[in-house]
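I opened my notebook to write down what I could look up here. My entries follow the structure from the whole chain to single residues.

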Amino acid sequence: MKEDEAAARRSKILLAARWCFLNFGFAKTSFEDIAKRANLSRTLLYRVFKDKEDIFRAVFADWLVSRHPLAKQAVTAQGSPYERLVDVCRLMVLEPWSDMVGAPMGSEFFDACERIDPAIDAQHRKVALECIAAILGDEEKADVFLLALDGLLADQPTVAVLERRLRILAEQFVPPAKKKGTRV
């Protein structure tokens, strides 16, 4: 099998597995469920991943770590600090949240991710802290921002509510640029 075909198969498996974990939960998802969703045989699935926990780790890593390069690019992109901060948060928090929030087992998914592979969760938080600190110019402020951002998720808001909250929070750290022709 060619490298690009193998990568496409792996991506298909990870997408199917994420859907299963979000809808059935970790405990109730079987290799058979993932294989059916990916339209592959269980035997073929075992050739790519050794067990369900291995797939879960790969799903979590793919789901979060794949966002890191785009978040790092957003830090240095054009736009005001407010726009860049919101963009980093959109990539690192809002988009993953939108995948989880409506799913039947969404709240269990992130908890299981943290439990099964805390290193990936720590890496994701470290990259978020680095990106936000680069925008705010202060690691301590970035840490406070992230703690506040965690609090915004406590009641499991809808994506629209979370986005509004995120914008309000970002305004407290870096006010948005005033539009030309407006008075204060």
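**Entry 1: the whole chain**

I read along the sequence and got the pattern α-α-α-α-α-α-α-α-α-α. That is ten helices and zero strands. Helices here are DSSP runs of H or I with at least four residues, strands are runs of E with at least two, and both are numbered from the N terminus.

I noted that this is a predicted model, in which local features need pLDDT of at least 70 and side-chain atom pairs count only at pLDDT 80 or more, while totals for chains, interfaces and linings use all residues. Residues are numbered from 1 along each chain as its sequence is written, and side-chain values use heavy atoms, with hydrogens and water left out.

I looked up the span of the C-alpha trace: about 65 × 35 × 30 Å along its principal axes. Of the 184 residues, 41% are buried. Buried means under 20% relative accessible area, exposed means over 50%, and partly exposed lies in between (1.4 Å probe, protein chains only). I also checked contacts, meaning heavy atoms within 4.5 Å. Among contacts with a separation of 6 or more, 66% join residues 24 or more positions apart.

**Entry 2: two helices**

Two packed helices are described by the angle between their axes and the distance between the axes. I took helix 4 (residues 52–65) and helix 8 (residues 118–136): the angle is about 5° and the axes are 10 Å apart. Helix 4 is therefore roughly parallel to helix 8. The cut-offs are under 35 degrees for roughly parallel, over 145 for roughly antiparallel, 65 to 115 for roughly perpendicular, and oblique for the rest. Axes are lines fitted to C-alpha atoms, for helices over the stretch in contact, and angles run from 0 to 180 degrees between N-to-C directions.

Which residues make the contact? Helix 4 gives Arg57, Phe60, Ala61, Leu64 and Val65, and helix 8 gives Ile120, Asp121, Gln123 and His124. I sorted these residues into five nonpolar, two polar and two charged. Ala, Val, Leu, Ile, Met, Phe, Trp, Tyr, Cys and Pro count as nonpolar, Asp, Glu, Lys and Arg as charged, and the others, Gly among them, as polar.

**Entry 3: rings**

I found nine aromatic pairs. Rings of Phe, Tyr and Trp (its six-membered ring) pair if their centres lie within 6.5 Å; planes under 30 degrees apart are stacked, over 60 edge-to-face, the rest tilted.

Trp19 and Phe24 have ring centres 5.5 Å apart and planes at 90°, so this pair is edge-to-face. Trp19 is partly exposed at 34% relative accessibility, and Phe24 is partly exposed at 33%.

Phe145 and Phe173 are also edge-to-face, at 5.1 Å centre to centre and 85° between the planes. This pair links distant parts of the chain: Phe145 is in helix 9 (residues 139–152), Phe173 is in helix 10 (residues 159–173), and they are 28 residues apart. Phe145 is buried at 0%.

I listed one aromatic cluster: Phe21, Phe26, Phe56, Phe60, Trp63 and Phe109.

**Entry 4: charges and a loop**

The charged end of Arg37 sits over the ring of Trp19, 3.7 Å from its centre. The rule asks for NZ of Lys or CZ of Arg within 6 Å of the ring centre and within 35 degrees of the ring normal. Lys52 lies over the face of Phe26, 4.6 Å from the ring centre.

Is Thr29 buried or exposed? Thr29 is buried, at 2% relative accessibility. I placed Thr29 in the loop between helix 1 (3–24) and helix 2 (31–38). Leaving out residues up to four places away in sequence, Thr29 touches Cys20, Phe21, Phe24, Ile34 and Lys52.
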